[in-house]
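Keep the sequence and the model side by side as you read. The tour below goes element by element.

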Amino acid sequence: MEKLMVAGGRPLRGTVQISGAKNSAIALIPAAILSESTVILDNLPVLSDVAIYAELLEELGATVQWNEDFMSIDPSRLQSKPMPNGNVKKLRASYYLMGALLGRFGEATIGLPGGCNFEPRPIDQHIKGFEALGARVSTENGALHIKAKQLVGAKIYLDVVSVGATINIMLAASRAKGFTLIENAAKEPEIIDVATLLNAMGAKIKGAGTETIRIEGVDSMHGCRHSIIPDRIQAGTYMIAAAATHGDVVVDNVIPKHLEAITAKLQEMGVIIHEMDESIRVIGRPEYESVDVKALVYPGFATDLQSPMASLLTQTRGVSILSDYVYSNRFKHVPELLRMGAKIKVEGRSAVIEGGKLSFAKVKATDLRAGAALVIAGLTVSSGITEITGVEYIDRGYDHLVLNLSNLGAEVWREQD
Ligand SMILES: CC(=O)N[C@H]1[C@@H](OP(=O)(O)OP(=O)(O)OC[C@H]2O[C@@H](n3ccc(=O)[nH]c3=O)[C@H](O)[C@@H]2O)O[C@H](CO)[C@@H](O)[C@@H]1O
Ligand SMILES: C=C(OP(=O)(O)O)C(=O)O
């Protein structure tokens, strides 16, 4: 078993380059199979989710080449084979194969997704969307079988604002006959990124990034080259880590607009922030004010930064309330932070966090962002070594984490148990 070892107490200093966004990459890779010719994706993050997605496409018959610079996907020989188990269970975003295969072949059999299961994560809105487009959806041995003689555009109102359902419906509707309207759509930047790729492949999508998306279905799509947007969650995590260690870090290759919610909250705490065109400098202070944070859909404070933020809020002078309005039970990091001496009480969808010093401990990451929270907590502890297991979760979403933190002056390394 691999462990991440963190000897904290050093302020992070220097510049960190942010890679492409995980949540874009793992939607863009399946989106590529709507084309009949090669799609090239630049600025891909080096993550286990990306590697697993490449394998998934190969299992379906695509030719995939990936190096640190780009991924080339030739889906011309790809087929819609049933994929009830195996790699589909290893990541959440395997659900995008449903929309992509349905759009290209009118049929998909895909096992229910895996990924970080910090609470039940239903996909009823994805299914509602496929059915509205004319597909029949049934469950066969733990996999969804989705089939349509002809996908036909429809008006779809999402009951819940869902990133995954919005993208999955865009994928299928791009190849449907006629016009689709998605109302109450999610507005995350990753949705704009997917629509940009699909349009470059020949789709006709308007309104991505707003709550109303209009899609005119097309008969065929073609290859193109596309560069993935920077990862706002990795960027936000380094911003939080810089503040938590009272450091001075330039977070480079970002879109500052995507980071407005975290930037504003750090400023409210007393952190000094300088925004530049494609980078943000975060300068820590010796003491921080407590603040209340509400995780919401974009452009609100990202739920994926809620756990890392919990670690920073243990470093304030007062009591903060951190609430999650996207996932009401996303608090698996709390028991582990308690092992490190944090004073946190979970009440309903909120964590009440009292500032105080943390101490080193052996802790376990049970999901990706809980893992990031524990790394940040470990970085604040000035004596002893924090040992974090569950590294495989962290590898789902943080590109070159140990190298990046080491370059910023942290003492962090991996060890085999
Ligand atoms: C691969 C990917 O992009 N993952 C992100 C995506 O997950 P994902 O797309 O799975 O999350 P959603 O936006 O769909 O979920 C938002 C909320 O809607 C609920 N819901 C969702 C779909 C559905 O059919 N029914 C339903 O009730 C969920 O339980 C949750 O409470 O957005 C989340 C919210 O920003 C992020 O935490 C994840 O990092
Ligand atoms: C929850 C996350 O990812 P996924 O939806 O892929 O599990 C995340 O990135 O924090």
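Predicted model: local features only at pLDDT ≥ 70, side-chain atom pairs only at ≥ 80, totals over all residues.

Residues are numbered from 1 along each chain as its sequence is written, while chains are lettered from A and ligands numbered from 1 in the order in which they are written.

Start with helix α3, residues 96-105. Helices here are DSSP runs (H or I, at least four residues), strands are E runs of at least two, and both are numbered from the N terminus. Nine of the 10 residues of α3 are buried. A residue is buried if 20 or more other C-beta atoms lie within 10 Å of its own, exposed if 12 or fewer, and partly exposed in between, with C-beta atoms placed from the backbone. The buried residues of α3 are Y96, L97, M98, G99, A100, L101, L102, G103 and R104. Their cover includes the helices α1 (22-31), α2 (48-59), α4 (124-132) and α5 (163-174), along with β6 (107-111) and β8 (143-147). After α3 comes G106, with a positive phi near 75 degrees.

Two of those covering helices, α4 and α5, also pack on each other. Their axes come within 8 Å and cross at roughly 25 degrees. Axes are lines fitted to C-alpha atoms, for helices over the stretch in contact, and angles run from 0 to 180 degrees between N-to-C directions. The pair α4 and α5 is therefore roughly parallel, a label for angles under 35 degrees. On the α4 side the contact uses Q125, H126, G129 and F130; on the α5 side, G164, A165, N168, I169 and A172. Contact means C-beta atoms, placed from the backbone, within 7 Å. By class, this contact has four nonpolar, five polar and no charged residues. Ala, Val, Leu, Ile, Met, Phe, Trp, Tyr, Cys and Pro count as nonpolar, Asp, Glu, Lys and Arg as charged, and the others, Gly among them, as polar.

Now turn to α9 (residues 306-313) and α11 (residues 368-380), whose axes come within 7 Å and cross at roughly 20 degrees. That makes α9 roughly parallel to α11. S307, P308, A310, S311 and L312 of α9 meet R369, A370, A372, A373, I376 and A377 of α11. These residues divide into eight nonpolar, two polar and one charged.

Where do the most contacts inside the largest nonpolar core fall? They belong to M239, I240, A243, V249, V251, V282 and I376, in a core of 72 residues. Such a core is a set of buried Ala, Val, Leu, Ile, Met, Phe, Trp, Tyr and Cys residues joined through C-beta atoms within 7 Å. Apart from this core lies another, of 70 residues, including A32, Y95, A100 and L133.

The loops hold the last stops. S76 sits between β5 (70-74) and α3. S76 is exposed, because 12 other C-beta atoms lie within 10 Å.

Most residues other than glycine have a negative phi, and most peptide bonds are trans. N43 has a positive phi of about 65 degrees although it is not a glycine. N43 lies in the loop between β3 (39-42) and α2. The peptide bond from Y298 to P299 is cis, with omega near 10 degrees. P299 is in the loop between β17 (292-295) and α9.

Terms used. Contact = placed C-beta atoms within 7 Å. Parallel < 35°, antiparallel > 145°, perpendicular 65-115°, else oblique.
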